[in-house]
Structure formats: C-alpha cells, structure tokens
Amino acid sequence: MSEAARSLLQRWGASFRKGTDFDSWGQLVEAIDEYQILARHLQKEAQSQHNNSEFTEDQKKTIAKIATCLELRSAALQSTQSQEEFKLEDLKKLEPILKNILTYNKEFPFDVQPVPLRKILAPGEEENLEFEEDDEEGGAGAGSPDSFPARVPGTLLPRLPSEPGMTLLTIKIEKIGLKDAGQCIDPYITVSVKDVNGVDLTPVQDTPVASRKEDTYVHFNVDIDIQKHVEKLTKGAAIFFEFKHYKPKKRFTSTKCFAFMEMDEIKPGTIVIELYKKPTDFKRKKLQLLTKKPLYLHLHQTLHKE
C-alpha cells in the first residue's frame, strides 16, 4: 500500500467513525454533515482519472457505493418517514470494507448504485475532515489554461415567485481578486444565508466553475437568486460567499477564503467586499483579513419588488 493510499484510508476511516459516533449519540445534524462530507470525498476519488488514483476501477466502484450508502443514511436522518430507511447498523457494516478496500473482493452487501458527484458542500467541510494544507504552496495549478473546460453545472436555484410588497434579491458574482488567481483549479463559490448563530436560513447554492481567469482575478459573472424575501431575513443575518478550489495533490476541494455581506449592505448597484482567511466563521466572531492588498469580491445587486 502506498503512503498516499494509507493516508487517505486513515482519514476516511476517522471521518466514518466520527459520523457514526455522532449518529449513535443522537447528534443528527453533526452526523449528517459528516456523512455528506465523507460522501463528497469518496465520490471525487471514485470519479478521478485512473492514472491519478491510488485505487483500481473495481475498488473505486466499491468506494462509490459506500458514498451512496452514506447519502442514504444522511437522507434517512432527515426524513420523517420510517419505512425503507438505511439504518445505522447497516452503515456500520461498511467500516471494515472501507478500511480494507485494497483487499476487499466480496459482493457488496447492499444493492445500491453509485450516484453522480455532488456539488453541494456542507459548510466548513474541508476543516471538518481536518486535512492539513498550505494555501501558499506554489505550482498547484501552474500551466493550467486561462479558460476552464465545461463542467457539471452548480446548484443554482431559480428566483422565488414575487409577493406584493416583498423584495427579492439577485446578486451577480462578477469576479474575485486573488494574488494567485491563475493557480486556482476548478474554482467556484458557495453562497449561503446564515442567521447570527450561523444557522442556514435558505438552501445553500454553488456557482458553476468559474468562466475564466485573468491576471489577479477569477471571473464568474453569474447570478445568484437569494431564496428568501429580504423582509423575511432575520436581524443580524448575513450572506456568505466561500471561494473553493480543487487541490490535486491532496485530492479534495478546499476553501481558500470567504466574504460576507450584512443586511445593511443590501442595496441596488455595485459593491466590493473584503476577503477573510478560512475557516469560514459564520458567527463573525474571529475575522482575519486574507491580505492587505486591495483584492476583493466584486458583486452587483438587483432588487425586485412588486
């Protein structure tokens, strides 16, 4: 077993146990987050190109099926239905399979199929898996083209129906300024609306992969329709933008930095907002600027009112 494969299996195993521990303790929100995070990473590994993977095609199929089971358990915890649920006892049967994936050669115990790679990332997913990384490392994307290839679309949602006297907000993400913009691989932005305690007020949305890179900018030019009327957002709420990119050496998606916009900043027109170092602080208690350089997230807001 290579050192890289051993390291991956150790990380996956730790995350798997963390999720099932939360599950058995009744900490369902934490369990769901952990399951979805691990499923995302397993799916990415299962869909990696053969020469970039530590695993055979058959092993990757098994890895993808384990990801499906994690999704099923996550869905069961969120469901009000008691029938046909994927139980914790079932999921625990998969831990030795994941641990011994390199030698496992039996039939998979559940009749499931791999699911497509999810684009939704749970908030703070990279930090939850406790991967160590160096955001200043050079050359990760050196030589990558200035335009990105076509990718699976993000998870953008349509504008809500209008209501008399109520305001809807569309935010165009124009570009983000980064000193190493050209080295970011498959970058996208996760948009979420949080209350003062960091709890989601609307569904989380991911942009598609950026349209192009130019100098110190990554360009998106994509509209995000906030999934709640402005008047219904709670006091102290904020809209968060997490910039994420793929790190091929680590084989996972990392949050590089984040920005947020508070309620008093909602007004028509252009706005530029500061970038902060990760991990994403949804409670806005310990903020640290990413850089002293004049690099920002550039947005344009449009308000729709009946």
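## Arg284

Arg284 is buried, with a relative accessible area of 16% (buried means under 20%, exposed over 50% and partly exposed in between, using a 1.4 Å probe on protein chains only). This comes from a predicted model, where local features need pLDDT of at least 70 and side-chain atom pairs count only at pLDDT 80 or more, while totals for chains, interfaces and linings use all residues. Residues are numbered from 1 along each chain as its sequence is written, and side-chain values use heavy atoms, leaving out hydrogens and water.

You'll find Arg284 in the loop between β9 (276-277) and β10 (296-305); strands are DSSP runs of E with at least two residues, numbered from the N terminus. Setting aside neighbours within four places in sequence, Arg284 has contacts (heavy atoms within 4.5 Å) that include Lys194, Asp195, Phe240, Phe260 and Glu262.

## The sheet

Five strands make an open sheet in the order β4-β5-β1-β10-β8, with antiparallel pairing (two strands pair if DSSP finds at least two bridges between them). At the edges sit β4 (212-214) and β8 (269-274), each pairing on one side only.

## Strand β1

On one side, β1 (residues 167-177) pairs with β5 (residues 217-225) in the antiparallel sense over seven bridges. Ile173 stands opposite Val222 in β5, and Gly177 has Tyr217 as its bridge partner there. Nine bridges join β1 to β10, again antiparallel, with Leu168 opposite His304 in β10.

How enclosed is β1 by the rest of the structure? Largely, because eight of its 11 residues are buried.

Key. Helix = DSSP H or I, 4+ residues; strand = E, 2+ residues; numbered from the N terminus.
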